[in-house]
Amino acid sequence: MTIRLRSHHLLCLLTYVGKGYSPAFTANYDVIVGRLSRGEDILIVSGPDDICAPLLGEPEPHCWGESVVERDRLAARDVGDLLDRPIKPGIRIDLDAQTLARMREAFSAGLTRNACQGCEWARLCSAVAASLYQDTRV
């Protein structure tokens, strides 16, 4: 199987420690993390993805917002530069241990954090990175 992710969620999963918008959101995220841990690949998509799914029933889910689309654009650029390959809808990524370590190192160094500007989770993600990714679930 394949996990559908929007570009900026490539950054979010680096610091996921089991916190999220709601219990349903974190339960869903935990399932996705388990699938990643079992080696499922990632398919980059445009718009809401598998992580967004529990939020789509809300009256006005932020998953469609312009600021989120801009986060996707910035993350795709930064992660693409880091991995030396395009990150765009239709691209598949294997999140192996080496790629994960490389992405975390760049995130800690601030090289891939442009998409995080204005995100309500940025402070938590910075703390997780500062802890050397202790208690992350991916």
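**Figure 1. Asp50 is a buried residue, with a relative accessible area of 17%, and its side chain meets that of Arg4 in a salt bridge.** The model shown in these views is predicted. The N to O distance in this salt bridge is 3.5 Å. Asp50 lies in the loop between β2 (41-44) and α3 (66-83), whereas Arg4 belongs to strand β1 (residues 2-5). The pair thus links distant parts of the chain, 46 residues apart. Arg4 is partly exposed, at a relative accessible area of 35%.

**Figure 2. Two further salt bridges join Glu40 to Arg35 and Arg77 to Asp78.** Side chains of opposite charge can pair when their charged atoms come close. Between Glu40 and Arg35 the N to O distance is 2.9 Å. Glu40 is buried, with a relative accessible area of 15%, and Arg35 is buried at 13%. Between Arg77 and Asp78 the distance, N to O, is 3.1 Å. Here Arg77 is partly exposed, at 37%, while Asp78 counts as buried, at 7%. The structure holds 7 salt bridges.

**Figure 3. Tyr16, Tyr21, Phe25, Tyr29 and Trp121 make up one aromatic cluster.** In the whole structure, 4 aromatic pairs are found. The ring centres of Tyr21 and Phe25 are 5.1 Å apart and their planes stand at 80 degrees, so this pair is edge-to-face. Tyr21 is partly exposed, at 34%, but Phe25 is buried, at 6% relative accessibility.

**Figure 4. The rings of Tyr21 and Trp121 form an edge-to-face pair, because their planes stand at 85 degrees with the centres 5.4 Å apart.** This pair links distant parts of the chain, 100 residues apart. Tyr21 lies in the loop between α1 (9-12) and α2 (23-37), and Trp121 in the loop between α4 (97-108) and α5 (122-130). Trp121 is partly exposed, with a relative accessible area of 22%.

Notes
Residues numbered from 1 in each chain as written. Predicted model: local features only at pLDDT ≥ 70, side-chain atom pairs only at ≥ 80, totals over all residues. Heavy atoms only, no water. Phe/Tyr/Trp six-rings, centres within 6.5 Å; stacked < 30°, edge-to-face > 60°. Buried < 20%, exposed > 50% of the residue type's maximum accessible area, 1.4 Å probe, protein only. Helix = DSSP H or I, 4+ residues; strand = E, 2+ residues; numbered from the N terminus. Salt bridge = Lys/Arg side-chain N within 4 Å of Asp/Glu carboxyl O.
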